[in-house]
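Please open the structure in your viewer and keep the selection panel at hand. The tour begins at a ligand and then moves on to a hairpin.

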Amino acid sequence: MRSQVVIVGGGPSGLLLGQLLHLKGIDTVVLERKTRDYVLRRIRAGILETGLVNMMREAGVAGRMEKECYVHHGTCISYENELFDINFRELIGQNVVVYGQTELTHDLYDARDATGGRTIFEVEGVEIHDADSDAPYVTFTADGRNQRIDCDFVAGCDGFHGVSRQTIPDSVRKEYEKVFPFGWLGILSETPPVHDELIYANSSRGFALCSMRNENLSRYYVQCALTDKIEAWSDEAFWDELKRRIPESVADRLVTGPSIEKSIAPLRSFVSEPMRWGRLFLCGDAAHIVPPTGAKGLNTAASDVHYLNDALVRYYQDKDSHGIETYSEKALSRVWKAERFSWATTNLLHRFPDQTDFDLKMQRAEIQSLHYHETAQTWFAQNYVGLPY
Ligand code: APR
Ligand code: PHB
């Protein structure tokens, strides 16, 4: 089998790249470890930067999103009983779109079906060979058969636990990591959102987040210990704790209900450099992870895809390798800005076990600076809606 670009990973990164390349007549094969249903059962954040919204439109897969999404002109931050809004539209004339990542992935799979693009599910033992040569190839097992695809390029879109990043030799790769000393306990409930925008809450008991998927599907999180187990958190215990962490006026109108999904996720910052080795390019979670506080995971994967799509199209259409040569440097420049915003908002809004009284005073002073100073709010707004590609 042969393809111009083999895409390892059928998540948002791989599918969006495949769709954009297809529109330019570039052939791809997507190799996905799981089943399509498994991929589509993942519950992930759905705050889309303008850049990603525009890419979905460019890819011709924005139809359902345009009908069902919510446009948010700002977001709210609370600390104890104080609640304030950071109005993106007033500050910088921009907004974000709320549209579940699950829905976005579904739309991308539907689009791939329509193009007839080859997607091989339940692949095992993917190995990337000769990435540092002009003739890379990928081997794997599927349908009980050992298979090989010869290609021009490999896009490693296989997430944090994939094989692509490990294909880059240790002598070439440098990894940066910060593991946060807490997790997020999240629930999904078929209840109306408590507010018309998201609320990021800093409280003496820890962080909380009030988010949503649609007018009757809400997503809530509370900061929890890394040792916490889901079984120890009844729905009632979750709702009681959430109410303690948000302003009373908000807690009073919170509509609770049974959780239809409950999970605990760790928080880490992670970057692997470089994002290119020969003819292998890393995209998305394969190269970097952010704590979810800044809603940058999917959006930073999108900017990687933007740069790589541009680079490959320039190569095939203009025989111009400049984009390929500069992909890693360009992608990492924006990745580190997203890492910084995610790290800063995580430090601003969470309680850390080793925080001193002085640290807490600094945290409160920074939140109040965000509350009362337009320059601080503008910095937050520019980063939250997404820095330019
Ligand atoms: N072979 C084939 N597929 C693989 C392999 C492998 N060895 N390892 C992982 N995969 C698949 C996973 O099953 C998953 O479907 O690669 C896909 C990677 O998708 P994501 O982890 O979603 O990563 P990405 O596409 O970069 O999307 C980034 O999605 O996961 C969220 O928080 C993340 O919002 C971010 C965004
Ligand atoms: C979510 O809705 O799951 C969500 C929203 C914003 C975040 C993180 C998660 O920063």
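Select ligand 2 first: 13 residues surround ligand 2, and the closest are Tyr200, Ser211, Arg213, Tyr221 and Pro292, where a residue counts as near if one of its heavy atoms lies within 4 Å. This is a predicted model, in which local features need pLDDT of at least 70 and side-chain atom pairs count only at pLDDT 80 or more, whereas totals for chains, interfaces and linings use all residues. Side-chain values use heavy atoms, without hydrogens and water, while residues are numbered from 1 along each chain as its sequence is written, and chains are lettered from A and ligands numbered from 1 in the order in which they are written.

Next, display the N and O atoms around ligand 2. A polar side-chain atom of arginine 213 lies 2.8 Å from an oxygen atom of the ligand, and a side-chain N or O atom of tyrosine 221 is 2.6 Å from an oxygen atom of ligand 2. The protein buries 99% of the 280 Å² that ligand 2 exposes when taken alone, with accessible areas from the Shrake-Rupley method and a 1.4 Å probe.

Now colour by domain, with bounds from an automatic or database domain assignment. Ligand 2 lies between domain 1 (2-70 + 99-177 + 268-347) and domain 2 (180-267 + 352-385), because both give residues to its shell.

Finally, select strands E5 (residues 74-79) and E6 (residues 82-87), which run antiparallel and are joined by 6 bridges; strands are DSSP runs of at least two E residues, numbered from the N terminus. Threonine 75 stands opposite isoleucine 86 in E6, and in the hairpin, with 2 residues between the strands, glutamate 80 takes a positive phi near 50°.

Technical notes: Two strands pair if DSSP finds at least two bridges between them. Helices (H or I, at least four residues) and strands (E, at least two) are DSSP runs, numbered from the N terminus. A polar contact is a pair of N or O atoms within 3.5 Å; within protein, one must be able to donate a hydrogen and the other to accept it, and residues adjacent in sequence count only if both atoms are side-chain atoms.
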